[in-house]
Amino acid sequence: MFIKKDIRSLNLDELKAEFVEMGEKGFRAAQVYKWVASGCENFDDMSNISKTLRENLKDKYFIPTVKIVKKLKSNLDETVKYLYELHDGETIESVLMKYNHGYTVCISTQVGCRMGCSFCASGLNGLFRNLLPSEMLAQVMMAGKDNNIRVSNIVLMGMGEPLDNFDNVKKFLELVSDPEGLGIGYRHISLSTSGVVPGIYKLAQLNLPITLSISLHAPFDSIRSDMMKVNRRWNIDELLTACRDYQKVTGRRISFEYAMIKGKNDTDECATQLAKILKGILCHVNLIPVNPVKENDYEKSDRKALQNFADKLCGLGINTTVRRTLGGDIDASCGQLRRKFEEKGGEKNEDLQ
Ligand code: SAH
Ligand code: SF4
């Protein structure tokens, strides 16, 4: 049990207030904040801070970090998948992807997930705990450090439902975009949700220029409720009403994710209905062949079905892309690596490449 406080989840104002309480000068807080926010993991490395203050800080605070347990490099592209261990022994996943415009890190926001979507490996054992803002930051920092690169984009699309951990995600967005820290601007961040409707309204109120991505996956309630329990709580109509509100407030284009499952949601009828319900929303649809997990019998739609679906949507005026699947050989889909690891009883077999 940690009784020390997580210093990396504090913003500069909060740290200043704590320093004043400790009888320290405000500018010291700014110095320490800069260290912590830019990736320093050890108080002793803070070279412009006196030894006495460093010792005091060590007594009072800790800097949450992630430890690499497993790292898989794709042979197909430059995707790197990480399994990290947190300070309490829980494990999470992150993926680093290289695109033409730079490096994107896909981070987890929870250990596990309570939403239980039928196609997803992350939710199979429910939610273990929320991640702290610092633990989300640590995933971005480690990807940068381990590959000696600057991360330019972040997607909150790893394990967990970001809007089910709203306050910590909000704080993470504030911290990661701070120019004193990693300085990754809101416009370079995407947040993906399965459709937690009250969270979408709350996010709209923050009016941040991030990209909202909705995991829609089906245009009919009957199919969607079967795949995603969240749809039984907030149906497609309620979800799209929240999306329209989000768009009205932020002016941002919305992304809709659609995992193509053979014979389930890839029919002509689905494409027509999808175009119909998205009409009037400034949006983009990403079609992605479902990544089969062994707990269900879903199969990827074949290439032809994918192309027909995309053509149909485009023909009906919906901006659509068939997404390139990165890291197909390394369980790069959400929750798959962690699940395999947990099933093997956490054995740390490092088959690094
Ligand atoms: N919980 C959030 C974000 C994490 S999931 C959400 O659901 O949006 C990230 C994305 O991966 C979501 O679009 C999700 O639907 C998708 N996904 C999960 N399992 C998948 C699988 N087996 N194949 C394809 N996409 C999957
Ligand atoms: Fe959770 Fe997203 Fe996976 Fe659904 S798809 S179980 S919301 S992580």
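Predicted model: local features only at pLDDT ≥ 70, side-chain atom pairs only at ≥ 80, totals over all residues.
A polar contact is a pair of N or O atoms within 3.5 Å; within protein, one must be able to donate a hydrogen and the other to accept it, and residues adjacent in sequence count only if both atoms are side-chain atoms. Residues are numbered from 1 along each chain as its sequence is written, and side-chain values use heavy atoms, with hydrogens and water left out.

**Ligand 1**
- A backbone N or O atom of Phe-119 lies 2.9 Å from a nitrogen atom of ligand 1.
- For Thr-193, a backbone N or O atom lies 3.4 Å from an oxygen atom of ligand 1.
- Taken alone, ligand 1 exposes 530 Å², of which the protein buries 93% (Shrake-Rupley method, 1.4 Å probe).
- Ligand 1 is surrounded by 17 residues, and the closest include Gly-160, His-217 and Asn-291 (a residue is near a molecule if one of its heavy atoms lies within 4 Å of it).

**Ligand 2**
- Around ligand 2 there are 11 residues, with Cys-113, Met-115, Cys-117, Cys-120 and Ser-194 the closest.

**Helix pairs**
- Two packed helices are described by the angle between their axes and the distance between the axes.
- Helix α10 (residues 268–278) and helix α11 (residues 303–315) have axes that come within 9 Å and cross at roughly 30° (axes are lines fitted to C-alpha atoms, and angles run from 0 to 180 degrees between N-to-C directions; helices are DSSP runs of H or I, at least four residues).
- Therefore α10 is roughly parallel to α11 (angles under 35 degrees count as roughly parallel, over 145 as roughly antiparallel, 65 to 115 as roughly perpendicular and the rest as oblique).
- The axes of helix α4 (residues 133–147) and helix α5 (residues 166–177) come within 8 Å and cross at roughly 45°.
- α4 is therefore oblique to α5.

Technical notes
Chains lettered and ligands numbered in written order. Helix = DSSP H or I, 4+ residues; strand = E, 2+ residues; numbered from the N terminus.
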